[in-house]
Amino acid sequence: MSRYTYDNNDIIYALASAWGNSPIAVIRVSGDGSIKKFSELFSASETLLKAFSHTIHYGKIIDPDSKEAVDEILVAIFRDGRSYTGQESLEINCHGNIIGIEAIFKVLEKQGFRSAYPGEFTFRAFMNGKVDLTQAEAVMEIVNSQSEIAHSLALKRLEGNLFNLINEIKIKVVDALAVIELQLDYEEDEIIDETHFPKEAIEGALKRVESLLDTYTIGRLYSEGCRVVLAGSTNTGKSTLFNLLLKEERSIVSEIHGTTRDYIEAKTHLEGIPISLYDTAGLRDSKDSIEQEGIRRTRGLIKESDLVLLVVDSSIDGYKLSPEEQILAKEEKTIVVCNKTDLGNVAVLEGSYPLSAKTAEGFKTLKEEIVKRLQKGSPKTDGSTVVIESARQKKELNRACEALKHSLEYFKETLPLDIIAVELNEALDALGSLSGEVTSEDILENIFSNFCVGK
Ligand SMILES: Nc1nc2c(ncn2[C@@H]2O[C@H](COP(=O)(O)OP(=O)(O)OP(=O)(O)O)[C@@H](O)[C@H]2O)c(=O)[nH]1
Ligand SMILES: [Mg+2]
């Protein structure tokens, strides 16, 4: 493996809790013989050696050189085959002080334990058949999830829902392939007739693959979130709306044009969608070089955004969009917000959303529109559906989808059966890669090296 060499024979350790001071920290240890080796460092070594799996024991970690106690700990024992990794494992509950944790690490190193690489515990779990690849990926997604819905979607994958669904699809393809191969054994012309062709099974598999593919945008949206930029001329109320969306006074608001000169980023959620929200420098011709730079950055942010809220001051008599605003307003990802409607005499532009960022009138409708636009017509989810999230899963599903479609086309074109069988095998291979049954080492390493250490 190019980046890390995961050697499953080593005894590995890592801090499983966050790196920092806390009341309690958890250090994970995994590897064959780890209980015996650890017992040599533990004050109650005999107890540990005889301990049943899933029991917890109090004692002290002793430095083998100085014979001094390093910390008072509770250690949980997991016997071979009954742990997260599938190997003999330990979980050390120690005091959550960095200096103390490092002292324990030193003692573990002296005993020949090795610091784990990112994702190495889950890699071992995968290699020992404790989880399939979709579940391993879900572990990382759970750790990293930024919203309740993202967390719940990943949890469903960890429970094996995606794996089960993939298996159901695979069964259909295997059934179809069996029929084809049987024909291949007996038919001389190698062309199958309508009555014998397993069209229903293939179509059923294809339908499921397609609907799973449809969930990608939504899975991505909830796991990665999106970028929403507030833009427009100066003094239109961008910072006021920014604060309203955040429910806090983050950005400076004033009647002076050009108050916001550099952009401000903040994280928030709308209906479970993680959002990076940007308040930006108002767009205008400016001679001030700092403001010019701010405006240049605004334009950069607009380019990279998923959604732009173009804020317009609708209280100005005869208000007209600048040429730059006109172009922006026409973009698909733009919502035009006509702000300051509380001032009366408003000129609300066609297709725009009227708002008073001051009184919050129109805010609910605007928020609903933002969510709708971000979801882009993807199927709604409350976190209970099975969705795919990773680009890798999408790629494999696409491969399966193409192969299934080809098999149906080739049948229509009355191509020989062995060509159809090749496509069905290709679909099976893609589905197998998805769950990790037939995945190359490079891909595995890529997936697991993106994990955090300790998982
Ligand atoms: N009456 C009224 N005043 C508003 C509203 N929204 C913002 N304002 C006022 O308009 C002025 C400008 O608001 P900001 O939020 O600072 O505007 P901005 O677009 O961020 O301005 P720049 O940072 O200069 O580009 C402030 O005095 C706000 O109190 C609104 O809905 N109604
Ligand atoms: Mg501002």
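Residues count from 1 along each chain as written, chains are lettered from A and ligands numbered from 1 in the order in which they are written. In this predicted model, local features need pLDDT of at least 70, side-chain atom pairs count only at pLDDT 80 or more, and totals for chains, interfaces and linings use all residues, while side-chain values use heavy atoms, without hydrogens and water.

**The sheet with β1**

Helices (H or I, at least four residues) and strands (E, at least two) are DSSP runs, numbered from the N terminus. Two strands pair if DSSP finds at least two bridges between them. One open sheet has six strands, in the order β3-β4-β5-β2-β1-β6, with mixed pairing. β3 (55-62) and β6 (114-115) stand at the edges with a single partner strand each, so one side of each has no neighbour in the sheet. Strand β1 (residues 12-15) runs parallel to β6, joined by two bridges. Y13 stands opposite S115 in β6. Helix α4 (residues 120-127) packs on this sheet, touching β1, β2 (22-30) and β6. Its direction makes about 130 degrees with that of β1. Contact here means heavy atoms within 4.5 Å. Axes are lines fitted to C-alpha atoms, for helices over the stretch in contact, and angles run from 0 to 180 degrees between N-to-C directions.

**The sheet with β7**

Another open sheet of six strands has the order β8-β9-β7-β10-β11-β12, again with mixed pairing. Its edge strands, β8 (264-270) and β12 (353-354), each pair on one side only. Strands β7 (residues 226-231) and β9 (residues 273-279) are parallel, with five bridges. C226 has I275 in β9 as its bridge partner. Helix α10 lies across β7, β8, β9 and β10 (307-313), at about 155 degrees to β9.

**The ligand site**

| Residue (backbone atom) | Distance to an oxygen atom of ligand 1 |
|---|---|
| N235 | 2.9 Å |
| G258 | 2.8 Å |
| K358 | 3.1 Å |

The protein covers 90% of the 640 Å² of accessible area that ligand 1 has on its own (Shrake-Rupley method, 1.4 Å probe).

Terms used: Polar contact = N/O pair within 3.5 Å; in protein donor to acceptor, adjacent residues only side chain to side chain.
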